[in-house]
Amino acid sequence: MIRKAKAVWRGTGRDGDGDLTSDSGVLSETPYSFRTRFENEKGTNPEELIAAAHAGCFTMALAFQLQGAGYTPTELTTEAAISLDPDGAGFRITKSALTLSADVPGLDKETFDKLAGEAEKNCPVSRVLNAQITLAATLK
């Protein structure tokens, strides 16, 4: 399986701007720039997209872990917070902090923690990130 997205950039790093388009069409000339990345202007940025990818990948991986163990979640909600820190002359993604809230009928805390930990370690986005990954998981 291959998934694609395209970035187009015009101008310099600080004053230029660009757009992102994914083959699925979910991103369609979505604006990004220095301002959307570092100054909270409307648009997206690479770190936000990595956060969405990590949250989505982990949550789906956990749903499969739960299914394999015989549980059906009512709801799984995950937030991923990506840390972008200075690194020499540039920047580096240093951390992805996952915060999970799960409503899974009949699931005990020990089993929940084990399955959530497995999902965190084995989701493809976790495996590709060269950063510290933390998980704070709450079972309702």
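Mentor: Let's start with helix H3 (residues 109-122), which lies across E5 and E6 and runs at about 150° to E6. This is a predicted model, where local features need pLDDT of at least 70, side-chain atom pairs count only at pLDDT 80 or more, and totals for chains, interfaces and linings use all residues. Residues are numbered from 1 along each chain as its sequence is written, and side-chain values use heavy atoms, without hydrogens and water.

Trainee: What angle does helix H2 make with E4?

Mentor: About 145°, with H2 (residues 46-68) lying across E4, E5 and E6. Axes are lines fitted to C-alpha atoms, for helices over the stretch in contact (heavy atoms within 4.5 Å), and angles run from 0 to 180 degrees between N-to-C directions.

Trainee: Why are E5 and E6 called paired?

Mentor: Pairing requires at least two bridges found by DSSP. Strand E5 (residues 90-103) and E6 have 8, in the parallel sense, so they meet that definition. Ala102 stands opposite Leu139 in E6.

Trainee: Which strands are at the edges of that sheet?

Mentor: The open, mixed sheet has the order E4-E5-E6; E4 (75-87) and E6 (132-139) are its edges, each pairing on one side only. The twist averages 15° from one strand to the next.

Definitions and conventions: Helix = DSSP H or I, 4+ residues; strand = E, 2+ residues; numbered from the N terminus.
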